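Biologist: Please show me the model. I have some questions about how to read it.

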2 protein chains.
Amino acid sequence: VNIGLIGYGGVGKAFIDLLNEKNIKWKVRYILKSDGAIIDKEGLDLDEIKRFQDNIKLHKNWIDGAGFEDIIDIDIDFLVELTPTNMETGEPAISYIRESLKRGINIVTGNKGPILKDYRGLKRLAEKNKVNIGIGCTVGGALPSISGGLIDCAGANIESMEAILNGTTNYILDQMEEGEKTYEETLKEAQELGIAESNPTMDVKGYDTAIKMTILANVLMNENISLEEVQLECIDKVTVSDIKNARMRDCKIKLLGRIYKDNEKVKIQVGPEEIDKSHPLYSVEGKNKGIYYRTDTLGDITIIGGASGTMNAAASILRDIIFLNSQYVIGNTK
Amino acid sequence: VNIGLIGYGGVGKAFIDLLNEKNIKWKVRYILKSDGAIIDKEGLDLDEIKRFQDNIKLHKNWIDGAGFEDIIDIDIDFLVELTPTNMETGEPAISYIRESLKRGINIVTGNKGPILKDYRGLKRLAEKNKVNIGIGCTVGGALPSISGGLIDCAGANIESMEAILNGTTNYILDQMEEGEKTYEETLKEAQELGIAESNPTMDVKGYDTAIKMTILANVLMNENISLEEVQLECIDKVTVSDIKNARMRDCKIKLLGRIYKDNEKVKIQVGPEEIDKSHPLYSVEGKNKGIYYRTDTLGDITIIGGASGTMNAAASILRDIIFLNSQYVIGNTK
């Protein structure tokens with residue numbers, strides 16, 4: 001397997017580490033960053049790359065200022081696309097992905113922007129060029145939410161989905177319960193601990209969950225829903241007494257994403273909800289994640305877990321490559 | 001997709017129903033029973049088949065006494081193998097499967113016997129002939145325990161697995177708790193309700209779980225363990241006071257299958273175990289099933305659910321065909 005990597009942040013570095021640690025003998029032919037690239041058509045020495053760490057510019061193959069146009073014609077089977085995400089335009093990732101698909105290169109990405117923006121178009125382009133797009137990393141990372149829907153539920157109709165997909169809000173709600181502190185106090189603490197970002201809007205306003213649910217609906221239920229259509233409520237209105245009252249009823253408050261059918265129209269709703277002990281996601285705590293699919297012929301299927309972290313996100317990239325690559329083991333001469 | 005079906009019991013009939021209900025336009029070229037077959041190389045009219053139900057011998061295409069030799073040369077992509085299982089020899093299924101693999105036919109089966117007997121040999125034969133074997137139905141039916149391990153955990157090492165895979169024993173243990181009745185009384189009631197079989201050995205002695213765990217270890221951890229190596233303890237020693245004592249500690253007793261490494265050697269253990277609230281399978285009740293994978297790079301992943309019944313088992317057969325067939329969509333001219 002020949003690989004190209006665009007984006008060399010936390011997950012990109014963890015991905016190279018993972019190939020090293022697992023002794024996977026794939027060839028990484030280039031690593032493209034925003035300000036240059038290292039290229040070796042015989043495959044980079046990954047042990048050596050690791051030794052350079054953040055000083056990758058000191059690598060003998062570093063080409064300062066090299067850009068996408070310098071690597072696009074290098075023959076690879078998989079482009080691992082891990083540039084910073086842009087939810088409005090999907091750029092520059094979406095252009096990288098489109099150009100690569102046109103050249104018959106499979107894509108594996110952890111980048112929500114392009115998938116949110118135009119999954120349908122990218123999928124069509126991939127099919128036209130007989131390649132595939134792996135997006136497991138975009139929804140929950142190590143939690144197999146995409147393969148869970150595509151493979152584990154294959155042949156069944158997914159009637160609805162519920163999911164807890166945002167670790168930060170899950171943590172804040174847990175801590176509000178434990179410490180009996182207000183939302184504002186708990187958020188501040190979480191920010192100090194580095195669990196919540198200094199601008200926590202994406203997480204606490206529910207956008208992160210809304211984006212993930214939109215991707216799930218579009219990918220697993222073949223919809224074409226935009227983020228603006230999601231009914232969104234954020235967790236900052238949840239009070240300690242709400243949580244206490246829920247606990248008295250043996251319930252918990254969670255930031256729940258919900259995809260459901262309303263007169264055959266698929267709708268998405270994200271907001272704090274009280275769930276009781278019998279709910280399949282009741283046990284999802286802290287940084288844990290979970291998804292619950294209701295299907296017609298396979299019954300209810302719930303998947304919980306998948307660790308959170310750059311290494312685990314990288315492992316979900318690796319999972320997609322191995323899965324998509326197995327499609328070539330059988331019946332393809334490539 | 002061209003299909004042949006061997007075995008026309010509950011799951012076989014439900015599979016034909018499912019193709020009808022879901023309006024899937026695959027061609028079923030034959031249905032082989034133990035005493036004859038119906039064959040139509042243009043594809044059987046499945047609506048018509050359904051109307052015949054148990055009187056399939058009255059179908060105009062019925063060939064009394066037809067056997068495997070009469071259908072083996074019919075060109076199909078997938079053999080759906082659903083004959084009654086034989087745990088000792090794997091026959092006749094294992095011969096049907098071997099002959100079909102040699103002819104480049106993919107197999108999807110719900111038959112534990114051949115998989116228990118010689119998964120490694122069958123897999124090798126499949127690879128040699130560039131086809132595949134779908135066995136999702138053999139371990140938990142609609143619960144995606146096999147795809148969960150193969151796809152959702154792809155690229156990670158599965159370090160251990162724990163699972164609750166037998167509905168009958170789960171039901172008996174639940175009822176002993178609820179009704180405060182002895183094992184013998186509860187078993188008798190379950191037999192009267194048709195939940196436990198008149199010869200309950202397979203379930204209550206733990207053989208059913210042991211067989212499923214053996215298949216999981218051999219398929220997902222590339223082992224070659226035989227049923228005799230499983231450490232087996234059955235549930236008939238569990239008393240009502242054991243269950244009461246567990247409940248006082250907020251614990252439950254479950255028939256748990258466990259695959260673990262002991263000095264790098266993979267071992268399997270099946271028996272009643274007390275699990276506490278924090279255990280990922282604590283919520284698995286009644287006919288529900290669940291499996292918990294501990295992995296190195298994707299963290300802990302738990303899958304719970306998948307309805308029990310002939311239709312749901314048939315849906316797991318359909319799931320395997322769709323999944324394996326998608327491997328042909330890309331990169332194969334077939």
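Modeller: First, a term: two strands pair if DSSP finds at least two bridges between them. Strands (E, at least two residues) and helices (H or I, at least four) are DSSP runs, numbered from the N terminus. This is a predicted model, where local features need pLDDT of at least 70, side-chain atom pairs count only at pLDDT 80 or more, and totals for chains, interfaces and linings use all residues. Residues are numbered from 1 along each chain as written, chains are lettered from A and ligands numbered from 1 in written order, and side-chain values use heavy atoms, without hydrogens and water.

Biologist: Which residue in β5(A) stands opposite A:Leu5?

Modeller: Strand β1 (residues 2–6) of chain A runs parallel to strand β5 (residues 78–81) of chain A. Four bridges join them. Opposite A:Leu5 stands A:Val80.

Biologist: Which strands of chain A stand at the edges of the sheet?

Modeller: Seven strands of chain A form an open, mixed sheet, in the order β4-β3-β2-β1-β5-β6-β7. Each edge strand has a single partner, so one side of each is left without a neighbour in the sheet. They are β4 (62–64) and β7 (133–134).

Biologist: What pLDDT does chain A average?

Modeller: pLDDT is the predictor's confidence in each residue, from 0 to 100. In chain A, 98% of the residues score at least 70. The average is 93.
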